[in-house]
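These are my notebook entries on one protein chain. I set down what I looked up, one topic at a time.

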Amino acid sequence: MYILSYTIPYKDLDMAMEKLQIHNIYNAFYEAPLEITTDDYGYGYIEKDDEDINLKVAMEDTEGELNEFIELVDSILGVKHIGLEENTNDYTTFEFPAIHIDDTWVIASPEEEYPNKNKINFISQGAFGTGLHETTQDILRLILNKLELNDKTVLDIGTGSGILSIAASFTGAKKVDAVDIRDITDEVELNASLNNINNIKAIVGNILEDESQIDEFYDWIFINIGGEETKMFMEFINNHLNKNGNLLVSGLVEWSFDEVKANVEKYGFKFIEKYQTNEWCTAIFKKSK
């Protein structure tokens, strides 16, 4: 594969992409110029549409046709390319890096062996929650080492890859419902099967709009999708948690932690403990009413 690079104004991007597609050139990509921002509950971004971008156009044909392709793309875009590179990377496989949660637990691909650790087999397919983020690692350490989940029922809200659900099953949970608004069924079921786990049920949909998808009560509820989302789900959580049940919440930033904590407590939850890595916070609450 050969990749051409062009510098164009970001405001001209849509027109440039349209011109390429008219000529049946679809393999083009770029990185939008972004400025990272903070809000009340975490991080966001704004697109900086007044800057230039680096547009890359790829060609997968033989080298003999390269010069013709370069002339064509230069003509279509009305500017001369600023770079040409040959890319020989093989994208047919993706190696997921092993994640050492602590001294006793590791998340790794099925082919890797760690005889001195407990291993969760895992193949990433792109869903959120691979175990790389601080919040996910913090919550995994709690599930794997601290929480009493043996013979408990668990609801994992915003399950993503299902890694928290798998960890809960690993440590004795008798039934886990893993819910996400996106269709993560294949990924959750694949990673569960890699660990010989068969007590996780994937549920796809917006459970706030269609609460009929969840008609049970749980001993534990996990939610790791942010402070604002936690506040949105609190009535639902309160309605589906057993008396004296527990809530494990993560994805919170330190500057809004007290506000989210107060909101959870309004529903009759007792704050138990807080854990923090960098600016990211995780907390355990117990239902007391």
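**Entry 1: the whole chain.** I noted first that this is a predicted model. I counted 7 helices and 16 strands in the chain. I then looked up burial: 47% of the 289 residues count as buried.

**Entry 2: strand β1.** Which strands are joined to β1 by bridges? I found 8 bridges from β1 to strand β5 (residues 52-59), and the two run antiparallel. Within this pairing, leucine 4 stands opposite valine 57 of β5. A further 4 bridges join β1 to strand β6 (residues 83-86), again antiparallel. Here I recorded glutamate 86 in β6 as the bridge partner of tyrosine 2. I then asked how β1 (residues 2-9) is covered: 6 of its 8 residues are buried, so the strand is largely enclosed by the rest of the structure.

**Entry 3: helix α5.** I looked up which residues of α5 (residues 185-194) are buried, and they are Thr185, Glu187, Val188, Asn191 and Ala192. As background, I noted that an α-helix has 3.6 residues a turn, so residues three or four places apart point the same way. The buried residues of α5 pack against β9 (118-121), α4 (163-170) and β12 (200-204). Just after the helix, I found asparagine 196 with a positive phi of about 55 degrees.

**Entry 4: an aromatic pair.** I found 6 aromatic pairs in the structure. In one of them, tryptophan 105 and phenylalanine 170, the ring centres are 5.7 Å apart and the planes stand at 90 degrees; planes over 60 degrees apart count as edge-to-face, so this pair is edge-to-face. The pair links distant parts of the chain, since tryptophan 105 lies in strand β8 (residues 105-108) and phenylalanine 170 in helix α4, 65 residues apart. Are the two residues buried or partly exposed? Tryptophan 105 is buried, with a relative accessible area of 8%, whereas phenylalanine 170 is partly exposed, at 32%.

**Entry 5: an aromatic cluster.** I recorded one aromatic cluster formed by Phe257, Phe271 and Phe285. I then looked for charges over these rings. The charged end of lysine 261 sits over the ring of phenylalanine 271, 5.0 Å from its centre. The charged end of lysine 274 sits over the ring of phenylalanine 257, 4.4 Å from its centre.

Key. Residues are numbered from 1 along each chain as its sequence is written. This is a predicted model: local features need pLDDT of at least 70, side-chain atom pairs count only at pLDDT 80 or more; totals for chains, interfaces and linings use all residues. Side-chain values use heavy atoms; hydrogens and water are left out. Buried means under 20% relative accessible area, exposed over 50%, partly exposed in between (1.4 Å probe, protein chains only). Contact means heavy atoms within 4.5 Å. Rings of Phe, Tyr and Trp (its six-membered ring) pair if their centres lie within 6.5 Å; planes under 30 degrees apart count as stacked, over 60 as edge-to-face and the rest as tilted. A charge sits over a ring if NZ of Lys or CZ of Arg is within 6 Å of the ring centre and within 35 degrees of the ring normal. Two strands pair if DSSP finds at least two bridges between them.
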